[in-house]
Amino acid sequence: MSTAQKTYTVVVAGMGKRGTHHADAVSRNLRFKLVGLCDIDPARLESARQKFGVDTVNTDAAQLLAQTQPDVFIFCTLPQIRLPFIQMGVETGVKLIAFEKPFAMSTNEGLEMHQLLSKAGVKTVVSHQHRYGEHYQKVKEIIASGAIGRVHTVYGHATGWMMHMMTHMVDYVNWYNDYAEVEWVVGQAAGKEKFADVHSSPDYICALLQYANGVRGVIECGAGAPDVPEVEAWWRKCRIGAQGSQGFAEVLTGGGWRAVTKDGVMSGPGNMDYDHDMPPYIQDIASWLDDPARVHPCNGETAFKGFQVMMAACRSVVQRGKVSLPLGPGKPELEALKRVLPD
Ligand SMILES: NC(=O)c1ccc[n+]([C@@H]2O[C@H](COP(=O)([O-])OP(=O)(O)OC[C@H]3O[C@@H](n4cnc5c(N)ncnc54)[C@H](O)[C@@H]3O)[C@@H](O)[C@H]2O)c1
């Protein structure tokens, strides 16, 4: 069998909302075979077993990996579980680990994960899959065509809070700015209510980014980020785009795209849709495994850089001033932030 025809075996752990999306897209793609499912909740696991017709299931991810020895390990657990699952995947010898945003809970955890993965040469993919939306792609196309002139500012804001939404925003603005390196970040935050959430976060956070190519980035997340009145669904109230010397182009997560360029005013449709975005996201995993040159657009290296921007904003609130990237080890950011923010 040639490499191009290889079928890659897959285990998915965490059969909640996102695990089900992943298992569904994997099971519909002929390049993959689902060989195992895991969830600590036996009822949820049984219903996933029936839905996907997979024989091997286990409530213990390490046991399941040992049993099945898959090529690809996908885990879609809540943010508190990252490092132990990366360790398990690396120890099993999988080729690729795909997992959910946010990358980690702290820079220290992220650095440890990154070191383990780099040493083992395991590829990673992180679910910033909104970019597959036709409206996200259209905005990229307009910016890349030069129609808005020289880009000087990229921006992304979401009413969803930091650990849910911020790395989505950073990932897409980095993409719109051709992945120029971020040199430093200045951040500010407010409000402590959302620290109690499983996506533990300040209620509001903002960050200014200085890119090496001179572009300014502006990111805001949470209660107090600008509303997107064109969009009704609260989670989709995100606006991400770029301003240039001759216009702007932006995507509204739940409301299409629009642009003003030297050619006039234009707009078009698009709405974030898992059914639309997951199949190409999963297909790009097969393409990358087939050919190392076809790096996945949601690869872990760029996700880790985006994650560091979020953590740098947290550090800036605590330390004040500019925080230079890349980050080294430090105080766990969420705890440090919680201590300095006023009630
Ligand atoms: N990329 C996106 O568009 C997007 C959208 C929503 C959520 N997310 C992210 O996806 C992740 C999961 O969110 P969700 O909404 O699917 O959560 P969820 O609560 O629906 O599912 C999580 C599942 O993990 C299981 N689980 C917990 N510990 C486990 C363990 N040790 N082993 C195996 N299973 C375990 C839980 O029982 C649950 O079924 C989060 O990090 C979230 O931020 C991403």
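These legends go with a handful of close-up views of a predicted model.

**View 1. Helices H1 and H8 pack against each other at an angle of about 60°.**
Two packed helices are described by the angle between their axes and the distance between the axes. Here H1 covers residues 17–27, H8 covers residues 274–290, and their axes are 9 Å apart. H1 and H8 are therefore oblique to each other, and their crossing is right-handed. Which residues of H1 and H8 make the contact? On the H1 side look for Lys17, Arg18, His21, His22, Ala25 and Val26, and on the H8 side for Tyr274, Met278, Pro279, Tyr281 and Ile282. Sorted by class, the contact of H1 with H8 has seven nonpolar residues, two polar ones and two charged ones.

**View 2. Helix H8 and what covers its buried residues.**
With its 17 residues, H8 reaches 24 Å from its first C-alpha to its last. That's close to the 24 Å expected at 1.5 Å a residue. An α-helix has 3.6 residues a turn, so residues three or four places apart point the same way. The buried residues of H8 are Asp277, Met278, Tyr281, Ile282, Ile285, Ala286, Ser287, Trp288 and Leu289. What covers these buried residues? The cover includes H1 again, along with strands S1 (8–13), S2 (32–38), S4 (72–75), S5 (96–99) and S6 (123–126).

Most residues other than glycine have a negative phi, and most peptide bonds are trans. To find Pro102, go to the loop between S5 and helix H5 (107–120). Pro326 sits in the loop between strand S15 (323–324) and helix H10 (333–340).

Gln69 lies in the loop between helix H3 (61–68) and S4, and its relative accessibility of 47% makes it partly exposed. You'll find Asp178 in the loop between helix H7 (162–176) and strand S8 (182–190). Is Asp178 buried or exposed? Asp178 counts as exposed, because its relative accessibility is 59% and the cut-off for exposed is over 50%.

**View 3. Arg315, a buried residue in helix H9.**
Helix H9 runs over residues 300–319, and Arg315 is part of it. Why does Arg315 count as buried? Its relative accessible area is 11%, and buried means under 20%. Skip the neighbours within four places in sequence, and Arg315 is in contact with Thr107, Arg320, Val323, Leu327, Gly328, Pro329, Gly330 and Glu333.

**View 4. Thr56, in the loop between helix H2 and strand S3.**
H2 spans 42–52 and S3 spans 57–58, with Thr56 in the loop between them. At 26% relative accessibility, Thr56 is partly exposed. Which residues does Thr56 touch? Leaving out residues up to four places away in sequence, they are Val35, Gly36, Leu37, Leu64, Gln67 and Thr68. Now find Val122: in sequence, Thr56 and Val122 are 66 residues apart, and in space they are 24 Å apart, C-alpha to C-alpha.

How values were computed: Residues numbered from 1 in each chain as written. Predicted model: local features only at pLDDT ≥ 70, side-chain atom pairs only at ≥ 80, totals over all residues. Heavy atoms only, no water. Axes fitted to C-alpha atoms, helices over the stretch in contact; angles between N-to-C directions. Helix = DSSP H or I, 4+ residues; strand = E, 2+ residues; numbered from the N terminus. Parallel < 35°, antiparallel > 145°, perpendicular 65-115°, else oblique. Left-handed = near helix turned anticlockwise from the far one by under 90°. Contact = heavy atoms within 4.5 Å. Nonpolar A, V, L, I, M, F, W, Y, C, P; charged D, E, K, R; others polar. Expected span 1.5 Å × (residues − 1). Buried < 20%, exposed > 50% of the residue type's maximum accessible area, 1.4 Å probe, protein only.
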